[in-house]
Amino acid sequence: MAQTSSLKSEPLVAGGESAEAKAVAGVIAAGRASAARHWVPATSGNFSVRINARTIAITRSGVDKGNLLASDILIQPLGEKLLPGSSAEAELHTALYSERPELGAIFHVHSPAATVLSRLALAEGSLRLTGWELQKALVGVRTHEATVDVPVFANDQDISALSGRVLARLAQPAGDAIAAPGYLLAGHGVYAWGATESDAARHLEALETLFAFELSYRRFTP
Ligand SMILES: CSC[C@@H](O)[C@@H](O)C(=O)COP(=O)(O)O
Ligand SMILES: [Zn+2]
């Protein structure tokens with residue numbers, strides 16, 4: 001059974017590195033970059049990168065995400081029982097990868113603006129972003145005049161139930177808005193994704209910065 005990363009028998013991808021080794025390196029890099037920004041305090045956050053249609057590399061539970069070793073990354077088959085030591089929030093990753101084959105990476109952090117703004121926005125059930133040039137860093141957004149919809153969910157320790165609510169909401173159209181590549185958990189943090197690791201990293205950085213803009217803006221507007 002696949003457990004921690006065994007970087008031996010995977011097929012090679014361009015550059016001579018296996019898909020598994022590349023995904024593990026991507027997870028480690030994402031954790032390190034987020035820790036440098038103080039987005040994953042006290043072991044919080046979890047990170048995953050798709051290896052292929054059936055398997056992901058994902059952080060194990062309770063480890064410092066800023067100092068990940070290859071042995072801190074689990075090779076989790078999709079649609080199968082979670083491996084021992086899995087992230088408490090692993091199902092928020094596996095369920096979304098299974099639902100969306102185009103996703104290549106999912107990153108979750110406890111960044112300050114996301115964690116605070118999510119509480120202010122919970123009553124509306126979503127955060128609407130508009131008027132910011134930086135929103136063009138999000139996939140599908142071409143103008144500051146667009147409205148971006150970021151779903152906001154109540155935090156829940158029942159991750160299966162939460163995952164069900166997330167998938168149900170993401171399946172709904174965002175109306176006249178563009179669906180953000182991510183969502184907020186109130187008082188908890190943000191999940192962001194992308195087709196590639198760099199898309200997911202850019203989305204995470206753009207969203208957290210937009211949340212900080214929005215928090216400042218709200219201080220000056222009624
Ligand atoms: C250390 S508090 C944060 C956790 O409860 C959780 O929200 C989190 O992001 C990390 O959980 P983990 O099980 O390490 O993936
Ligand atoms: Zn968390």
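This is a predicted model: local features need pLDDT of at least 70, side-chain atom pairs count only at pLDDT 80 or more; totals for chains, interfaces and linings use all residues.
User: Hi! Which domains does the assignment give for this protein?

Analyst: Hello! The domain assignment gives domain 1 at residues 1-103 and domain 2 at residues 111-222. Their C-alpha centres lie 22 Å apart.

User: And how many residues of each domain are in contact with the other?

Analyst: On the domain 1 side there are 14 residues, in contact with 11 residues of domain 2. Two elements, helix 1 and helix 2 (90-99), each give two or more residues to the side of domain 1 that touches domain 2. Helix 2 gives the most to that side, with five residues.

User: Thanks. Where does UniProt place a domain feature?

Analyst: The UniProt record, an unreviewed entry, places "domain: Class II aldolase/adducin N-terminal" at residues 25-215. In the model that span is 33% helix and 23% strand, and its end C-alpha atoms lie 34 Å apart.

User: Changing topic: which residues does the "binding site" annotation cover?

Analyst: In the UniProt record, also marked as an unreviewed entry, "binding site" covers His108 and His110. His108 lies in strand 4, residues 105-109, while His110 is found in the loop between strand 4 and helix 3.

User: Is His108 buried or exposed, and why?

Analyst: His108 counts as buried because it has 30 C-beta neighbours inside 10 Å, and the cut-off for buried is 20 or more.

User: What about His110, buried or exposed?

Analyst: His110 is buried, with 21 other C-beta atoms within 10 Å.

User: Which residues are they in contact with, leaving aside neighbours within four places in sequence?

Analyst: For His108, the contacts are Gly45, Asn46, Glu89, Gly189 and Tyr191. His110 is in contact with Trp39, Val40, Pro41, Ser44, Gly45, Thr115, His188 and Gly189.

User: Now the ligand. Which residues are around ligand 1?

Analyst: They are Ala42, Thr43, Ser44, Gly45, Asn46, Thr59, Ser61, Gly62, Ser87, Ala88, Glu89 and His108. That shell divides into two nonpolar, nine polar and one charged. His108, from the UniProt "binding site" annotation, is among the residues around ligand 1.

User: What's the backbone like at Ala42?

Analyst: Ala42 has a phi near 55°, which is a positive value in a residue other than glycine. Ala42 sits in the loop between helix 1 and strand 1.

User: Why does Ala42 count as exposed?

Analyst: Because Ala42 has 8 other C-beta atoms within 10 Å, and exposed means 12 or fewer.

User: What about His38, what is its phi and where is it found?

Analyst: His38 has a positive phi of about 65° although it is not a glycine. It is found in the loop between helix 1 (19-36) and strand 1 (46-52). His38 counts as exposed, with 12 C-beta neighbours inside 10 Å.

User: Last one: where does Arg119 lie, and what does it touch?

Analyst: Arg119 lies in helix 3, residues 112-121. Not counting residues up to four places away in sequence, Arg119 touches Ala186 and Gly187. Arg119 is partly exposed, with 14 other C-beta atoms within 10 Å.

User: How far apart are Arg119 and Glu91 in sequence and in space?

Analyst: Arg119 and Glu91 are 28 residues apart in sequence and 23 Å apart in space, C-alpha to C-alpha.

Terms used:
Residues are numbered from 1 along each chain as its sequence is written. Chains are lettered from A and ligands numbered from 1 in the order in which they are written. Helices (H or I, at least four residues) and strands (E, at least two) are DSSP runs, numbered from the N terminus. Two residues are in contact if their C-beta atoms, placed from the backbone, lie within 7 Å. A residue is near a molecule or strand if its C-beta atom, placed from the backbone, lies within 6 Å of it. Ala, Val, Leu, Ile, Met, Phe, Trp, Tyr, Cys and Pro count as nonpolar, Asp, Glu, Lys and Arg as charged, and the others, Gly among them, as polar. UniProt positions are given in the numbering used here, feature names are shortened, and annotations may be inferred rather than shown by experiment. Domain bounds come from an automatic or database domain assignment.
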